[in-house]
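Please keep the sequence and the structure at hand while reading.

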Amino acid sequence: MKERVFTVNSVYRNLFEGEEVTINDGIYQNIRHCYDFLKTFAEDRIIYGINTGFGPMAQWRVDNQDLKDLQYNIIRSHATGAGEPLEDVYVKASMIARVGTFVQAHSGIHPSVVETLVKMINAGIYPFIPRHGSVGASGDLVQLAHIALTLIGEGKVHYRGTWRPTAEVLKENDIKPIQIYIREGLSAVNGTSVMTGISIVNQIYAEKLLDWCVISAVWMNEIAASYDDWMSERLNVCRRHTGQQAMAERMRAVAQGSKRLVKREHELYAQGRHTEKVFRDKVQAYYSLRCTPQILGPVYDTLTAAHQVIDEELNSACDNPVIDPDTNNVYHGGNFHGDYISLEEDKVKIAVVRLAMTTERQLNYLFHDRINGILPPFLNLGKLGLNYGMQACQFTATSTTAECQTLAMPNYVHSIPNNNDNQDIVSMGTNTALLCKEVIENAYQVMAIQMIALAQATDCLAITDDLAPATRAIYNKVRDICPKFVEDTPFYEEIANVIEYLKK
């Protein structure tokens, strides 16, 4: 088993911290060794996609004088995507994922392909990749063809904020388009790299969102002055799920130093303290506050599993055929099939919908004075009836959460045969990753409204100094973006700015 070259965490540094992609000489030597083996092995053998047509056209042999044209043809003919282009961060992640396949040294490509791709990544040259085109089996043929088109110096790229012809930008950066040697065209377009790249970014944002949900859970309970045993170690260890215990542990860490959380043993278990028939304070908080370790625990477990699958896919040979110099053979199969990514992204999508739903219910608690019993309606610090506080923000959060619920339908179970029924069952993995991307973006909108509401609720109760240091720090950050408000004010810019802060 080869050592992993990339991980979700390392790609995070490439995407968000400016770290360049580097490939060591030993890996390039392995790629060259695989290429040299294939060059000799393919001389007198029939090998799919080298001297045959592609897909259902594989039954037709291609003459030797046409072999280079065959590789160019699959790139040009498959650059047929439609829709809005993917944002740079998703394109860059997809390019890195493609390098992740090539460095396995099972593609039989010339090392110059990897060198060129790495140079483009590090120079910030991002191919035009439309949203639509992949059925996720034979991988992301259409989207990867758009990357491959730029590798041969054609098509267009996004460079320093402007769409420009690829050839111009490559020349400016002293990068030469790749040449075709044996199977560079097929290898460049065949695989799961776009769905994997999108999934990497999804994973990064989903994990951050879960962290924010942990913080908001503690902050919510501080506002409600809840009893603190809902997150206690002794309670949560009684249920054997790793995620629940991890979430409760994180919550206890966030809550350190809070003066708002109440000890049940002091308030309710002390003899003689309570003789009333109806208790003024709630004996137990609502589920959206009290059950957060149990709600976020499965999300944590789901994201942990997805992280592992993405790491594995990122370091897999996912094109076809697989070239194996160690056994002196070329293996035909379906490593390009996107089921692993498709299934995991559906799980992540559903888990994130659950985060959005929980956040929306917590917002309802904050806004509904007859439920919380301690806050003005809609956190309104102005004149009731004249002013409206955050009333309309709830409309946005509710409608966005509803859209997430609609998008939660699993996409992994969808398959439409195509390609003359050669592709008779497909993964739709890229569609799944894109739907997951949309759900994550929606959930950040709901969370941004939640953070503004938590800060406003804190001011309504004048409890800033009683918050835990961790939640107080977030309160300060949110208030830097969105100051306390009394008079009615538009919120759309503040929501957008808080989203940007949450995603950093």
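The sections below cover salt bridges and then nonpolar cores in this predicted model.

## Salt bridges overall

Across the whole structure, the search finds 19 salt bridges. Among them is the pair of arginine 164 and glutamate 172, whose closest N and O atoms lie 2.4 Å apart.

Salt bridges also join into a network, which links Glu87, Lys437 and Glu441.

## Glutamate 154 and arginine 76

Glutamate 154 and arginine 76 form a salt bridge through their side chains, with an N to O distance of 2.7 Å. The two residues are 78 residues apart, and their pairing links distant parts of the chain. Arginine 76 belongs to helix 3 (residues 67-78), while glutamate 154 sits in the loop between helix 6 (141-151) and strand 4 (156-159).

Are these two side chains buried, partly exposed or exposed? Glutamate 154 has a relative accessible area of 27%, so it counts as partly exposed. Arginine 76 is also classed as partly exposed, because its relative accessibility is 41%.

## Arginine 250 and aspartate 211

A salt bridge also forms between arginine 250 and aspartate 211, with 2.7 Å between the closest N and O atoms. This pair, too, links distant parts of the chain: helix 11 (residues 242-255) holds arginine 250, and helix 9 (residues 193-223) holds aspartate 211. The partners are 39 residues apart.

Arginine 250 has 33% relative accessibility and is therefore partly exposed. Aspartate 211, at 35% relative accessibility, is partly exposed as well.

## The largest nonpolar core

How many residues make up the largest nonpolar core? This core has 141 residues, and Leu366, Met390 and Met451 have the most contacts inside it. Helix 9 contributes the most to this core, giving 19 residues. At least three residues of the core come from each of domain 1 (8-190) and domain 2 (202-316 + 332-503).

Which residues does methionine 390 contact, leaving aside its neighbours within four places in sequence? The list includes the phenylalanines Phe367, Phe378, Phe485 and Phe491. Leu379, Ile449, Ile452, Ala453 and Gln456 are in contact with methionine 390 as well.

Note on methods: Residues numbered from 1 in each chain as written. Predicted model: local features only at pLDDT ≥ 70, side-chain atom pairs only at ≥ 80, totals over all residues. Heavy atoms only, no water. Salt bridge = Lys/Arg side-chain N within 4 Å of Asp/Glu carboxyl O. Helix = DSSP H or I, 4+ residues; strand = E, 2+ residues; numbered from the N terminus. Buried < 20%, exposed > 50% of the residue type's maximum accessible area, 1.4 Å probe, protein only. Core = buried A, V, L, I, M, F, W, Y, C linked by side-chain atoms within 4.5 Å. Domains from an automatic or database assignment. Contact = heavy atoms within 4.5 Å.
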